[in-house]
Amino acid sequence: MPKFTRRRLLQTGLATGAALATARCGTPNNPAPGPEVNTNSIKDVTLRFIGTGVAQINDIRDKAQEDLGFKIELKALSTEENNQIAITQPGQYDMFDGEYFSLPLVIPSGNLQAIDVKRIKSFDKIASFFTTGDFNGLPVETAQGTAPIKVMYLSDQNSSEFSATPTDWATLIPFQYNADTLGYRPDLVDKEITSWADLFDPAFNGKTSILDIPSIGIMDAALVVEAAGLMTFGDKGNMTREEIDQITEILIEKKREGQFRAFWKTFDESVNLMSSGEVVLQSMWSPAVTAVKAQGIECVYAPLKEGYRAWGGGIGMSAALEGAKLDAAYAYMDWLLDGWVGAFLGRQGYYSAVPENAKKFMSAEEWDFWYEGKPAAVDMVDPFGKTLEKAGAVRDGGSFEERMGNVVVWNSTMDEQVYLVQKWNEFIAA
Amino acid sequence: MYKSWKVLQPYLLATPQTLIFLMFLVFPILMIFVVSFWQFNGYAMTPAFTFENYVNIFSSQVSLATYLNTFKYVTLVWGLCVAIALPVSYYLAFCIKRESIRVLLFLLCTIPFWTSNIIRMISWIPLLGREGLVNQALLNLNLVQQPVEWLLYSDFAIVLGMVHLYNFFMIAPVFNSMMRIDRTLITAARDMGASGFEVLKEIILPLTAPGMAIGSIFVVTLTMGEYVTVRLMGGGQAASIGKLISTQIGSLQYPLAAANAVILLLFTLVMVTGILRVVDIQKEL
């Protein structure tokens with residue numbers, strides 16, 4: 001007969017519970033706090049990244065590990081998941097690879113720490129619309145929306161207030177960005193697309209699409225309705241409630257008329273829509289155009305007279321980084337701007353934060369095609385070995401200065417963000 | 001002492017399951033319930049006790065339209081699933097005589113589960129799209145002059161996608177119920193002069209009801225929360241509660257999403273309770 005009594009059972013149970021509770025305090029992710037021994041070599045560090053798919057590429061990680069000597073872990077997420085984790089799960093990452101328009105949401109969470117720009121070697125060489133807001137007097141200087149310069153600097157190291165003028169404390173170190181516009185199938189569209197207004201052209205009824213991410217989709221929609229003369233905005237990047245009401249109404253009307261074939265949310269959806277011919281004209285991201293072309297289907301990334309919508313991505317540091325990990329983070333950011341990554345991303349059509357460094361790692365022909373807008377002297381091959389453009393092709397929209405200079409809006413987080421999402425849902429549900 | 005051990009035994013055996021149940025089901029649902037009363041401002045949420053989120057949902061035309069739309073999908077998908085599952089199961093259970101063929105045919109019903117959801121969704125495009133197989137066939141047969149647009153990115157496509165996905169959840173329990181019907185009952189009915197239709201009405205359908213109820217619970221709960229199919233097959237143009245919640249989560253509006261989830265859960269529970277009231281599924285278990 002087993003010697004169990006209630007008392008004995010209770011004792012054992014309590015003891016087990018206590019043992020479990022004690023053991024949990026020392027789980028690997030949560031080491032007992034103790035004095036930090038500062039002999040950690042940078043080689044023992046592992047930096048955990050979260051980011052969108054664009055730069056969470058194994059080739060970049062492998063090269064970085066080889067050059068820098070420490071370990072890097074990547075986690076590729078959607079734009080929305082990336083923001084969610086950045087804000088709600090600070091323990092999950094060391095480095096935040098995100099977009100500038102996320103910052104009005106991420107910075108107030110206090111999960112990122114200010115970057116000391118004096119420690120970044122190439123900081124002065126970064127494209128000037130990031131660091132000073134100037135760019136040869138071109139339209140990008142006055143672009144609406146969450147332009148990087150508006151959220152680039154914090155007023156001091158421990159502040160969560162953005163500074164309108166440059167300080168020594170940066171939020172993100174940019175490394176990739178692009179000017180987005182409408183893409184179309186020249187074989188299925190019988191005219192040249194020159195204006196955002198063409199998205200509402202009745203000729204393309206049931207054959208257009210925009211993207212279903214409120215912060216980005218609304219900017220494309222704003223460019224379209226403004227170009228079509230349907231309404232005007234005080235500031236497209238920061239609409240009032242009345243403006244949001246009005247634009248939603250226009251969008252719902254167009255949806256009821258059957259103007260849109262579908263809305264897309266992920267990169268591959270936009271590629272499928274375009275390559276299957278379901279949609280002939282839609283807002284697109286540049287690598288999606290490339291992916292359509294790679295299937296042997298003609299696709300033009302149309303330069304439009306109203307200008308481009310731009311996005312910019314950069315690297316931020318978790319507030320928890322210190323010691324060797326912090327040093328590793330700065331080393332990584334220097335490496336990031338050094339040019340190898342810039343050239344790697346450049347071959348896919350993205351721009352590097354420090355073009356002059358990227359140039360060192362690109363062939364003269366590549367540089368001329370991607371940055372100078374000159375006809376390709378040889379076939380253009382992407383980093384994965386796929387031929388993107390045949391010799392003789394010219395980049396849609398032309399040179400770096402022509403494309404980035406003509407940015408008129410950036411992806412935006414507005415003051416009325418909550419209201420915008422509510423109205424956007426209304427549009428989707430209508 | 002031995003006696004008390006005997007009394008404790010079932011409780012101890014049930015403890016691990018109960019703990020897991022509490023930790024991973026009850027606790028999260030409670031958290032969702034609590035959060036649904038919180039406030040939020042676009043990037044953060046603050047603990048509070050406000051009915052604002054609920055007021056917001058009940059006073060908005062959009063949520064009303066979205067709920068109605070979701071119910072529309074549930075009704076259509078459920079109806080079609082029943083309509084397909086009954087004859088299919090009947091055929092499997094009563095018309096096929098050889099056990100091996102029956103098993104083989106039943107396994108064929110699981111084909112939709114052999115590939116991932118996403119792949120299946122994408123492969124609808126070359127079938128139903130503007131330049132898809134169906135449209136090409138219709139055009140070549142001169143049945144239509146213009147490609148039919150409503151085949152894809154429409155309510156039709158959404159319902160088709162969901163029926164395709166969830167039909168098996170109805171077929172399996174209905175088939176199971178039919179297999180358990182005592183064949184002598186049917187023979188007896190026939191001997192007493194019942195027609196085929198009367199056998200169906202008086203014996204097979206009533207005895208299949210518990211299976212249909214279980215299948216309905218599966219189909220209704222799955223369809224109520226559905227958002228991937230709605231997004232992909234509807235081309236992002238159609239709304240369902242699940243999709244509404246996913247957009248709200250994507251925009252960090254957790255409390256609003258939580259409030260919607262609570263309401264959705266309540267509606268689903270009401271429907272499940274309703275089904276259980278009508279049919280006694282105890283018989284089946």
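**View 1. Chain B as a whole, with its 12 helices and two strands.** Welcome to a predicted model, in which local features need pLDDT of at least 70 and side-chain atom pairs count only at pLDDT 80 or more, while totals for chains, interfaces and linings use all residues. Residues are numbered from 1 along each chain as its sequence is written, and chains are lettered from A and ligands numbered from 1 in the order in which they are written. Helices (H or I, at least four residues) and strands (E, at least two) are DSSP runs, numbered from the N terminus. Starting at the N terminus, the elements of chain B follow the order α-β-β-α-α-α-α-α-α-α-α-α-α-α. Chain B has a radius of gyration of 24 Å, well over the 19 Å that the globule rule gives for 285 residues, so it is more spread out than a compact globule. That radius is taken over C-alpha atoms, and the globule rule is 2.2 Å times the number of residues to the power 0.38. The C-alpha trace of chain B spans about 85 × 70 × 35 Å along its principal axes. Of the 285 residues in chain B, 32% are buried; a residue is buried if 20 or more other C-beta atoms lie within 10 Å of its own, exposed if 12 or fewer, and partly exposed in between, with C-beta atoms placed from the backbone. Among the contacts in chain B with a separation of 6 or more, 71% join residues 24 or more positions apart. Two residues are in contact if their C-beta atoms, placed from the backbone, lie within 7 Å.

**View 2. Helices H3 (residues 61-95) and H9 (residues 196-224) of chain B cross at roughly 145°.** Their axes come within 9 Å. Axes are lines fitted to C-alpha atoms, for helices over the stretch in contact, and angles run from 0 to 180 degrees between N-to-C directions. The crossing of H3(B) and H9(B) is right-handed; a crossing is left-handed if the near helix is turned anticlockwise from the far one by less than a right angle, and right-handed if clockwise. To find the contact, look on H3(B) for residues including B:Tyr73, B:Trp78 and B:Cys81, and on H9(B) for residues including B:Met212, B:Gly215 and B:Val219. The contact of H3(B) with H9(B) has 11 nonpolar, four polar and no charged residues. Here Ala, Val, Leu, Ile, Met, Phe, Trp, Tyr, Cys and Pro count as nonpolar, Asp, Glu, Lys and Arg as charged, and the others, Gly among them, as polar.

View 3. Most residues other than glycine have a negative phi. B:Asn142 counts as exposed, with 7 C-beta neighbours inside 10 Å, whereas B:Tyr153 counts as buried, with 30.

**View 4. B:Arg190 sits in helix H8 (residues 183-191) of chain B.** This residue counts as partly exposed, with 13 C-beta neighbours inside 10 Å.

**View 5. Helices H2 (residues 58-68) and H11 (residues 323-337) of chain A pack at an angle of about 115°.** Their axes are 11 Å apart, and H2(A) passes H11(A) in a right-handed crossing. A:Ala64, A:Asp67 and A:Leu68 in H2(A) meet A:Ala331, A:Tyr332 and A:Trp335 in H11(A). By class, five residues of this contact are nonpolar, none is polar and one is charged.

**View 6. A:Gly237 lies in the loop between helix H7 (214-227) and helix H8 (241-256) of chain A.** A:Gly237 is buried, with 22 other C-beta atoms within 10 Å. Leaving out residues up to four places away in sequence, A:Gly237 touches A:Gln144, A:Gly145, A:Thr146, A:Val409, A:Trp410, A:Ser412 and A:Met414. A:Thr146 is 91 residues from A:Gly237 in sequence, yet 6.6 Å away in space, C-alpha to C-alpha.

**View 7. Chain A meets chain B through 33 residues of chain A and 28 residues of chain B.** On chain A, the elements giving two or more residues are helix H3 (79-88), strand S12 (260-264) and helix H16 (417-429). H16(A) provides the largest share, seven residues. The chain A side divides into 15 nonpolar, 10 polar and eight charged residues.
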